[in-house]
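Hi there,

Here is the structure I promised to pass on.

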Amino acid sequence: MTVSLDQARSIIAATRAKGREMGLKPLSVVVLDAGGHVLAFEREDGSAPGRFGIAQGKAYGAVMLGMAGRAQMARAEAQAYFMAAVNGVYGGQVVPVPGGVLLRKDGAVIGAVGVTGDTSDNDAEAALAGIAAAGLEGEA
């Protein structure tokens, strides 16, 4: 099972719509496949240009570890040395905070979504709405 380009685009559109509904700051949204490769990305007008790296890092950590952003943050707080080592293994690409959401289909990980621009918890909420709109399961 994989996430398709059409599903990725749908996730991004619905995530952005949820962000506007919630009155969030401009969002940047990336969708990765199960191998950590970018399928689609959008950065809203007014979003800082460096947001791609943050969105990608949130999603990349989720898919590579099979662990959503909230779980990564809890692990970083409990065992900072472990997450520092993981970040070393992955070339500094992991951003272990909410907003990195696993994509699942029938329980299997098929990719991840990374959202950044507002608070990490709001980023995760918008991502979950986008994922649900695409008919997939999200784990924040």
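Two aromatic pairs turn up in the structure. A pair here means rings of Phe, Tyr or Trp (its six-membered ring) with centres within 6.5 Å; planes under 30 degrees apart are stacked, over 60 edge-to-face, and the rest tilted. In one of them, Phe 41 and Phe 52 have ring centres 4.9 Å apart and planes at 90 degrees, so this pair is edge-to-face. It links distant parts of the chain, with Phe 41 in strand E2 (residues 38-43) and Phe 52 in helix H2 (residues 51-65), 11 residues apart. Helices (H or I, at least four residues) and strands (E, at least two) are DSSP runs, numbered from the N terminus. Phe 41 is partly exposed, at 28% relative accessible area, and Phe 52 is partly exposed too, at 34%. For burial, the cut-offs are under 20% relative accessible area for buried, over 50% for exposed, and partly exposed in between (1.4 Å probe, protein chains only).

Tyr 60 and Tyr 90 also form an edge-to-face pair, at 5.8 Å centre to centre and 85 degrees between the planes. Tyr 60 lies in helix H2 and Tyr 90 in the loop between helix H4 (80-89) and strand E3 (100-105), so the pair ties together parts 30 residues apart in sequence. Tyr 60 counts as buried at 12% relative accessibility, while Tyr 90 is partly exposed at 23%.

Finally, Thr 15 sits in helix H1 and is buried, at 0% relative accessibility. Leaving aside neighbours within four places in sequence, Thr 15 is in contact (heavy atoms within 4.5 Å) with Leu 27, Val 29, Val 115, Ala 126, Ala 127 and Gly 130.

Please bear in mind that this is a predicted model: local features need pLDDT of at least 70, side-chain atom pairs count only at pLDDT 80 or more, and totals for chains, interfaces and linings use all residues. Residues are numbered from 1 along each chain as its sequence is written, and side-chain values use heavy atoms, with hydrogens and water left out.

Best wishes
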